[in-house]
Amino acid sequence: MNTFPSSTFFSAPPDWGWLIVLYFFFGGLAGGCYFLAALIDLVGRPEDRPLARLGYYVALPCVIMSGLLLTLDLGRPLRFWHMLIESNTFRPMFKYWSPISVGAWALFIFGIFALISFLAALVEDNRLAWPAGRKFRPPGMLSAVIAMVGGFFGFYVAGYTGVLLAVTNRPIWSDTPLLGMLFIVSAASISAALMILLAHRSRWTMPAVAALHRVGAWVGALEFLVLIAVMISLGPVFRAWLNAWGLLLFFGVILVGMWIPFALYWRKDWLGDRNPTAAAALVLVGGFILRLVIVFSAQQV
Amino acid sequence: MPEPMGFYTDTTVCIGCKACEVACKEWNQLPSTNGGQNTLSGDSYDNTRRLDGIHWRHVKFIEQFTENRQDGRWLLMSDVCKHCVKAPCLEVCPTGAITRTEFDTVVIQSDACNGCRDCISACPFGVIEVNPASGTAQKCTLCYDRLQAGMEPACSKACPTQSIQFGTISDLRNRAQKRVEQLQEAGEKRAYLYGADEKILGGLNSFYLLVDKPEVYGLPPDPKMPTRNLASASWFSFLGAALVGLMGLINFRNRGARVDAEEAQR
């Protein structure tokens, strides 16, 4: 009873539940899709732009969903603005050493970029009459700046959640510095998967879709390595995963979310045309279970 | 500016009467659990179970008995917020709701807290939780309202054995050190102070005299600041972003170059 692998085992769980799991998932999708879209805009060819626009179309609803989920999770949802404005003085509230504080600002700023890029994508698709909006799409310096700054904040939103968990005193979360890295890599992986699914649904065959497949596979492999590094870095605290959560992590995340999609990527004859979409769907499932395991397992220690 | 104030809790004279719990609940008007219906925990005489949003004092009952129960002892300890000099909860609070008072104590302003619960996971002692009545994180205020009126906190005032002592930190440390020496001279060599010096989070303004390892009392042996991971976690995240960016760059650009080359051959 008196042997604990870490002093973190004496803290209390914050009761972050399903809303936070969903927020981590949608926040990862929002940031990841925007980042990939921005990358395609920056280095891709003009014919790749439908895929970039797809990323922006996904990013905005996901970032709105993220804000709603975070607000609903608060004990006092109507006080959500206290994260940005100090309620006693009405001055801006910002603590660079508090990941939630920086993350709230990052989410707010990223939301603005996601909205601009979403509207500009509509303009480029001739679905919105806003002549000035065309300036925000490539080519052009303004569109490049939007893509770079928005992409930065997008990835920040996708990754700060892992840093947030590390900057606590809960077991697992604060016993490894690698959760932010894991969340960022996983965000790229699930975002590539979602964009692949949507691109296949639209029967797009532009070369960037094939490139996205490769990015998904490479990032998936990196995610697996980072997850193993997380497990090693936990040291004796790893025993907190020697239970049903560990099984879910192995079967749900590693097997279903990584190994089977890898196999489907390399053995293209297995499911024929459905190989890429099946792999992408499994990556999304694995990415969700990853966040589920990390959020819940550390609170049930 | 008043001197730093706090609690010194001598666990060796606690009798487990829970007067501190009752006084705290009464003064701070904290609601009862289950609408006042008592439920037994089955864990010794401890039915409070833990500190949370509506229990800001918690008397722990630790039974140390041999299997045949012919020999043993009770360890009793009235637990409370430690009002750390370097407070993890205050450090992470994103709304500025948690502040340090003129008495060097740590207080959550309920009207500013929005219930994000980051402070709960940051506190290494498991002190803070949400009070369901307010929807905000709450904990011991070291009776800030009483202190401002020149009064003693309700719990120490009610303690019948002076297990909980209130005063200036410098005075409490002197008293506690003398008590440790007295106990050791009397043969209780295990007596020591937990949190009285600056080793634990810069010092605990609510510190303890213990006669066993901190873990036995449910206290972390080596509590740390949550921001210890901030720099390393941030750098690893940037590394992850850079690697993903590089992978995207290589693939999208390679594809472009390859297609360009194919087109040129045609």
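Visitor: At what angle do helix α1 and helix α4 of chain A pack, and how many Å apart are their axes?
Guide: In this predicted model, helix α1 (residues 18–43) and helix α4 (residues 141–166) of chain A pack at about 155°, and their axes are 8 Å apart. Axes are lines fitted to C-alpha atoms, for helices over the stretch in contact, and angles run from 0 to 180 degrees between N-to-C directions. That makes α1(A) roughly antiparallel to α4(A), a term for angles over 145 degrees, with under 35 roughly parallel, 65 to 115 roughly perpendicular and the rest oblique.

Visitor: Is the crossing left-handed or right-handed?
Guide: α1(A) passes α4(A) in a left-handed crossing, meaning that the near helix is turned anticlockwise from the far one by less than a right angle; clockwise would be right-handed.

Visitor: Which residues meet there?
Guide: From α1(A), the residues include Gly27(A), Gly28(A), Gly31(A) and Phe35(A); those they meet in α4(A) include Ala147(A), Gly150(A), Gly151(A) and Gly154(A). Contact requires C-beta atoms, placed from the backbone, to lie within 7 Å. By class, this contact has 13 nonpolar, nine polar and one charged residues. Ala, Val, Leu, Ile, Met, Phe, Trp, Tyr, Cys and Pro count as nonpolar, Asp, Glu, Lys and Arg as charged, and the others, Gly among them, as polar.

Visitor: How are residues, chains and confidence handled?
Guide: Residues are numbered from 1 along each chain as its sequence is written, while chains are lettered from A and ligands numbered from 1 in the order in which they are written. As the model is predicted, local features need pLDDT of at least 70 and side-chain atom pairs count only at pLDDT 80 or more, whereas totals for chains, interfaces and linings use all residues.

Visitor: Staying in chain A, where is Ala211(A)?
Guide: Ala211(A) lies in helix α6 (residues 207–233). Helices (H or I, at least four residues) and strands (E, at least two) are DSSP runs, numbered from the N terminus. Ala211(A) is buried, with 26 other C-beta atoms within 10 Å; the term needs 20 or more such atoms, with 12 or fewer for exposed and partly exposed in between. Its C-alpha atom is separated by 10.0 Å from that of Ile40(A), 171 residues apart along the chain.

Visitor: Is the peptide bond from Pro138(A) to Pro139(A) cis or trans?
Guide: That bond is cis, with omega near 0°. Pro139(A) sits in the loop between α3 (99–124) and α4 of chain A.

Visitor: Which residues have a positive phi without being a glycine?
Guide: Ile172(A) has a phi of about 70°, and His83(B) has one of about 45°. Ile172(A) is in the loop between α4 and α5 (179–201) of chain A and counts as buried, with 25 C-beta neighbours inside 10 Å. His83(B) belongs to the loop between β3 (72–79) and α2 of chain B, and counts as buried with 30 such neighbours.

Visitor: Turning to chain B, how many helices and strands are there?
Guide: Chain B has seven helices and 10 strands. Of its 266 residues, 46% count as buried.

Visitor: And how many residues of chain B are in contact with chain A?
Guide: 57 residues of chain B are in contact with 60 residues of chain A. α7(B) gives the most to that side of chain B, with 21 residues. By class, the side has 28 nonpolar, 19 polar and 10 charged residues.

Methods:
Contact = placed C-beta atoms within 7 Å.
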